[in-house]
Amino acid sequence: MKKSTKNLVKWSKLIELIYNLKVKVVENKPIKYEELDVIDTRLKNLFDQYQYYIPPEVKMKKQNRYFAYKAFIEGKK
C-alpha cells in the first residue's frame with residue numbers, strides 16, 4: 001500500500017469508527033453487529049491492499065524481463 005492522502009483518509013476513517021465503538025462501550029450503550037461488520041470489511045479491504053501492493057518499479061522490472069526474454073527467444077528463430 002502506497003502512502004498517499006487517499007489511503008491515509010481510509011485508515012483515519014477506520015480509526016474513527018473504532019474510537020466511536022470504544023466510546024459506546026464505555027457509556028454502556030449497545031453495539032450493533034452491523035457496526036462491527038463495517039469495521040471488519042474495511043479492515044479486510046485495507047489489509048488486502050497492503051498485502052498485495054506491488055510497487056510500480058517492480059512491475060516495470062518484471063515487464064522488462066519478459067520483453068527481454070521474448071526478444072531472446074524470437075532472436076533464436
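A residue is called buried when its relative accessible area is under 20%, exposed when over 50%, and partly exposed in between (1.4 Å probe, protein chains only). Buried residues make up 6% of the 77 residues in the protein. The model is a predicted one: local features need pLDDT of at least 70, side-chain atom pairs count only at pLDDT 80 or more, and totals for chains, interfaces and linings use all residues. Residues are numbered from 1 along each chain as its sequence is written, and side-chain values use heavy atoms, with hydrogens and water left out.

Helices (H or I, at least four residues) and strands (E, at least two) were taken as DSSP runs and numbered from the N terminus. The protein has 3 helices and 0 strands. Along the sequence the pattern reads α-α-α. Accessible areas were computed by the Shrake-Rupley method with a 1.4 Å probe; for residues, only the protein chains shown count as cover. The accessible surface of the protein is about 7,100 Å². Carbon and sulfur atoms account for 62% of that surface.

Helix α1 was examined along its length and around its axis. The buried residues of α1 are N7, L14 and L21. Seen down the axis, these buried residues fall within an arc of 50°, so they line one face of the helix. The arc is that of the directions from the helix axis to the C-beta atoms. On the other side of α1, the exposed residues are T5, L8, V9, I15, Y19 and V26. Helix α2 is included in what covers the buried residues of α1, where contact means heavy atoms within 4.5 Å.

Patches are made of residues with over 30% relative accessible area and no salt bridge; like charges are joined within 9 Å, and nonpolar side chains (Val, Leu, Ile, Met, Phe, Trp, Tyr) within 5 Å. W11, I15 and L43 make a nonpolar surface patch of about 280 Å². W11 is found in helix α1. Its relative accessibility is 32%, and W11 therefore counts as partly exposed.

Charged pairs were considered next. Side chains of opposite charge can pair when their charged atoms come close. A salt bridge was counted where a side-chain nitrogen of Lys or Arg lies within 4 Å of a carboxyl oxygen of Asp or Glu. By this rule there are 3 salt bridges.

One of them joins the side chains of K24 and E35, at 2.5 Å from N to O. K24 lies in helix α1 (residues 5–26) and E35 in helix α2 (residues 33–51), so the pair ties together parts that are 11 residues apart in sequence. K24 is partly exposed, with a relative accessible area of 24%. E35 is also partly exposed, at 24% relative accessibility.

Another salt bridge links the side chains of E27 and K29, at 3.3 Å from N to O. E27 is partly exposed, at 45% relative accessible area. K29 is partly exposed, at 47%.

D40 forms a salt bridge with K44, and their closest N and O atoms are 3.3 Å apart. Both residues lie in helix α2, 4 residues apart, about one turn of the helix. An α-helix has 3.6 residues a turn, so residues three or four places apart point the same way. D40 is partly exposed, with a relative accessible area of 31%. K44 counts as partly exposed at 49% relative accessibility.

The loop between α1 and α2 was then inspected. N28 is found in this loop, just after α1. Phi of N28 is near 60°, a positive value in a residue other than glycine. N28 counts as exposed, at 71% relative accessibility. K32 lies in the loop between α1 and α2 as well. At 54% relative accessibility, K32 counts as exposed. K32 and L21 are 11 residues apart in sequence, and their C-alpha atoms are 9.6 Å apart in space. L21 is one of the buried residues of α1.
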